[in-house]
Amino acid sequence: MIYNREAAVNYANTWWDGRNPAFPSFDIDCTNFISQCLLAGGAPMHGYPNRERGWWLRGNNWSFSWSTPHSLRWYFAGSKKGLTAQQVFSAEELGLGDVIFYDFQGDGRYDHSTIVTAKDGNVPLVNAHTCDAQHRNWAYKDSYMFSPNAKYVFFKINDQIMPV
């Protein structure tokens, strides 16, 4: 099975400024939105019912990695099955359907996530929820959350989806 980047990006462009009623919605909705995009791209869920393991949503229950940027960041760092990813060193290495995590305070706790949906030359443009955005510059330097201490983690989604 292959990660369908086009389907993930199409989903992100369809729902960037709205909430799909088929899914729960959160006040801080960025990672829930990213998870929906990844699911649209063919990522298989696994780990139910343990909220601390895997990546999944079932009814009114979900893993921490489904809804929390810090948890999804660590899921990607260690996942060996289902959707996997490689951390890369710069945003310019990312392509459509890849994911960026933001630690705006620089305190080691990641508080935002986005998906790459377009490129301006080599510069990724991202879609996001919470403060809904489409084709925004990935660096978020114009965000009220941004600080000079901001840190980023870039994940290139592996095209091959591993068996769960």
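Tutor: Contact means that heavy atoms lie within 4.5 Å. With neighbours within four places in sequence left aside, Arg 136 is in contact with Pro 124, Leu 125, Val 126, Asp 142 and Ser 143. Before we go on, note that this is a predicted model, in which local features need pLDDT of at least 70 and side-chain atom pairs count only at pLDDT 80 or more, while totals for chains, interfaces and linings use all residues. Residues are numbered from 1 along each chain as its sequence is written, and side-chain values use heavy atoms, with hydrogens and water left out.

Student: Which polar contact does the side chain of Arg 136 make?

Tutor: A polar contact is a pair of N or O atoms within 3.5 Å; within protein, one must be able to donate a hydrogen and the other to accept it, and residues adjacent in sequence count only if both atoms are side-chain atoms. Here the side chain of Arg 136 pairs in this way with the side chain of Asp 142, at 2.7 Å.

Student: Where does Arg 136 lie in the secondary structure, and how many helices and strands does the protein have?

Tutor: Helices (H or I, at least four residues) and strands (E, at least two) are DSSP runs, numbered from the N terminus. Arg 136 belongs to strand E7, which covers residues 133–137. The protein has 4 helices and 8 strands, and along the sequence they follow the pattern α-α-β-β-α-α-β-β-β-β-β-β.

Student: How should I read a pocket, and which residues line the largest pocket?

Tutor: Rolling a probe the size of a water molecule over the atoms shows where empty space is left. On a 1 Å grid over the protein atoms alone, a cavity is a set of points where a 1.4 Å probe fits but cannot get out, whereas a pocket is an open set with protein on both sides within 12 Å along at least five of seven lines, and lining residues have an atom within 4 Å of a point. Grid points are joined across faces, edges and corners, and a volume is the space filled by probe spheres set on the points. The largest pocket has a volume of about 230 Å³, and its lining is made up of Ile 28, Cys 30, Phe 104, Asp 111, His 112, Thr 130, Cys 131, Arg 136, Tyr 140, Ser 143, Tyr 144 and Met 145.

Student: Into which classes do the residues of that lining divide?

Tutor: Ala, Val, Leu, Ile, Met, Phe, Trp, Tyr, Cys and Pro count as nonpolar, Asp, Glu, Lys and Arg as charged, and the others, Gly among them, as polar. The lining of the largest pocket divides into 7 nonpolar, 3 polar and 2 charged residues. The second largest pocket, with a volume of about 170 Å³, has 3 nonpolar, 4 polar and 4 charged residues in its lining. Among the residues that line this second pocket are Arg 51, Trp 74 and Arg 109. Helix H3 (64–67) and helix H4 (69–78) are the elements that give two or more residues to that lining, and H4 has the largest share, with 4 residues.

Student: Where is the cis peptide bond?

Tutor: The cis peptide bond joins Tyr 48 and Pro 49, with omega about 10°, and Pro 49 has its place in the loop between H2 and strand E1 (57–58).
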